[in-house]
Amino acid sequence: MAPTPEAVEQRLRERFPDVAFRRQEGAAVRDHTVYLPADRLVEVCTFLRDDPGLDFAMLTWVGGVDWLPREPRFDVVYHLLSLSKNLRFVLKVSVADENPRVPTVSGVWPTANWHERETFDFYGIRFTGHPDLTRILLPDDWEGWPLRKDSPLGYQEVAFTHNTPNRSVPAPDLERLAPKKVTYRAH
Amino acid sequence: MTLNMGPQHPSTHGVLRVVLELDGETVIRAKPIIGYLHTGMEKQAEYKTYTQSIPQTDRMDYLAPLSNNLALCLAAEKLLGIEAPARAQAIRVLLTELTRISSHCVWLGTHALDIGAMTVFFYCFREREKVLSIYDMVCGARMTASYFRVGGLASDIPEGLLDKCQKFVDEMPAHVDEYEALLSRNPIWLARTEGVAPLSTAAALALGATGPTLRGSGVNWDLRKAQPYCGYDGYDFQVPVEKGCDAYARYKVRVAEMRQSTRIADQAIRRVRELSPGDYRLRDFKYVLPPKEEVKTSMEALIHHFKIVAHGFFPPVGEAYAAIEAPKGELGFYFVSDGTPRPWRMKVRSPSFVNLQTLPTMIEGRLVADVITAIGSLDIVLGEIDR
């Protein structure tokens, strides 16, 4: 008999009595979602992955949600999947606006690497211990965090070098670009 | 030596860039760089109603537009707590299975072309064209279909569509035989794919691969079987799984899937014929547009029409994630609703994005020529990766 998400939550509460788990309330919260504090995330995730009765071998995705003006402002959502038990489970971590940081779970599931980079890219949430926390979808020199609710949606002037004071492109290396002398060999 | 492959390289299937660190012809380290096609669809969705986001999804995985439509609609339906009528579900199954065939045709044609077998490309695109003409008949567009709606379909299927689909489904197995005759025992094909781009079962799971990439690594996991949607539990089909863990195994899985998809489509056609005609959309006018004929004759229908077109529907406060087995893997949409007609957050879990992460594992320590095979065998679409 496959465990239910309720049973998974129960199991977590038994295994980690000192962690403040909180079930997300709401009639239209269609997937069983549990909030937990960020500092115990890696520990709980490792347990969820390694416990043979749960076996959450796959992290389906990680994403962020900006709840401006709520405090704490951000949620980071982790959708887990257990293939052997055919079960999904959702974990959430709330993060404050000031210097948002969450420990990385890329050590538990390597797939988290890109998902966390994407969340960083969109929301500016830093994943501590992440091996390569850089922008992934946006250009490296992009300023701001586009999926934050206070980030504007278009209608601004496009940033070029001529209208943005600090934006610059490196001068081309003319010597390297100069055409080389080519000698043709007769066949 | 550091070699920059892409973003304009023809075999990177769009605008993928891979930075390769080479020692001679051997890849020491590989780093995929993405984002050249990023259009901020998730941000845009927060400023559109749920229905207005459907045309956006066509442009994600542009080889399988209807699969994307379906995933969005299912997520919104889950949030609303509604379900499309059985006949609409059967039409959805029929069209998404044809989509899977057409997507796999493009994959096989381009993958073979990358490796050097040119003929397959023409054969595959011939069949893909037939699916596109079916789309054309259904909704007037060859590629950007936008045919599914929350609660059902945009309109009823036109007359003669099922016959056209039936003809295609009857012919398709013979065409798959043709592809297999060209490739499955072709020594060049075998040399280029067998043992190439290996991905162990453990690595595939850890890196979150789904779809044929996962099934080619010996994991029997298909959302149509495991977590059925649209009544897939009522169809008789098998999930092809290969234990080869290489590019050839992924090829075998996808080719077998094309055959299974024709079986499912055949059953779906029969089911659509059996079910009462005209039942293509839910009659819950708080969320779903009333049929146009009623708008012209009924006052209530006109009011509902006006309300939904002007505001969109009002979902409850909450959130939902629904996933489907798209041609490339698990495609999921996550909606967070604050009770307004526009989603507070739309997150797309795109299979290509996650599957591409397995690329460095497949090619490190191997030859540059195998990079092309690896990218081809992953079946990525950059529109979906960058979104």
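Predicted model: local features only at pLDDT ≥ 70, side-chain atom pairs only at ≥ 80, totals over all residues.
Colleague: Thanks! In what order do the 3 strands of the open sheet in chain B lie?
Modeller: Strands here are DSSP runs (E, at least two residues) and helices are DSSP runs too (H or I, at least four residues), numbered from the N terminus. Two strands pair if DSSP finds at least two bridges between them. The pairing in this sheet is antiparallel, and the order is E1-E2-E3.

Colleague: Which are the edge strands of that sheet in chain B?
Modeller: An edge strand here pairs on one side only.

Colleague: Which helix lies across E1, E2 and E3 of chain B?
Modeller: Look for one running at about 150° to E2(B). Axes are lines fitted to C-alpha atoms, for helices over the stretch in contact, and angles run from 0 to 180 degrees between N-to-C directions. Contact between two residues requires their C-beta atoms, placed from the backbone, to lie within 7 Å. The helix is H16 (residues 368-378) of chain B.

Colleague: How many residues of H3(B) are buried?
Modeller: Helix H3 (residues 65-80) of chain B reaches 23 Å from its first C-alpha to its last, close to the 22 Å expected at 1.5 Å a residue; the expected span is 1.5 Å times one less than the number of residues. A residue is buried if 20 or more other C-beta atoms lie within 10 Å of its own, exposed if 12 or fewer, and partly exposed in between, with C-beta atoms placed from the backbone. H3(B) is mostly covered, and the buried count is 16 of 16.

Colleague: Which residues have the most contacts inside the largest nonpolar core?
Modeller: A nonpolar core is a set of buried Ala, Val, Leu, Ile, Met, Phe, Trp, Tyr and Cys residues joined through C-beta atoms within 7 Å. The largest one has 162 residues, and its largest share, 14 residues, comes from helix H4 (residues 86-115) of chain B. Those with the most contacts inside it are Ala71(B), Ala75(B) and Leu94(B).

Colleague: Turning to chain A, which residue is the bridge partner of Leu80(A) in E6(A)?
Modeller: Strand E5 (residues 74-82) of chain A runs antiparallel to E6(A), with 9 bridges between them. Their hairpin has 4 residues between the strands, and there Asn86(A) takes a positive phi near 50°. The partner of Leu80(A) is Phe89(A).

Colleague: Where is Pro69(A) found?
Modeller: A cis peptide bond joins Leu68(A) and Pro69(A), with omega about 10°. The bond from Glu71(A) to Pro72(A) is also cis, with omega near -10°, and Pro72(A) lies in the loop between E4 and E5 of chain A. Pro69(A) is found in the loop between strand E4 (58-66) and E5 of chain A.

Colleague: Is Cys245(B) buried or exposed?
Modeller: Cys245(B) has a positive phi of about 60° although it is not a glycine. Cys245(B) sits in the loop between helix H10 (223-226) and helix H11 (247-274) of chain B. Because 20 other C-beta atoms lie within 10 Å, Cys245(B) is buried.

Colleague: Finally, which element supplies the largest share of the side of chain B that touches chain A?
Modeller: Here 33 residues of chain B are in contact with 27 residues of chain A. The chain B side divides into 17 nonpolar, 7 polar and 9 charged residues, where Ala, Val, Leu, Ile, Met, Phe, Trp, Tyr, Cys and Pro count as nonpolar, Asp, Glu, Lys and Arg as charged, and the others, Gly among them, as polar. Strand E2 (residues 28-29) of chain A runs parallel to E6(B), joined by 2 bridges. The largest share, 4 residues, comes from E6(B).

How values were computed:
Residues numbered from 1 in each chain as written. Chains lettered and ligands numbered in written order.
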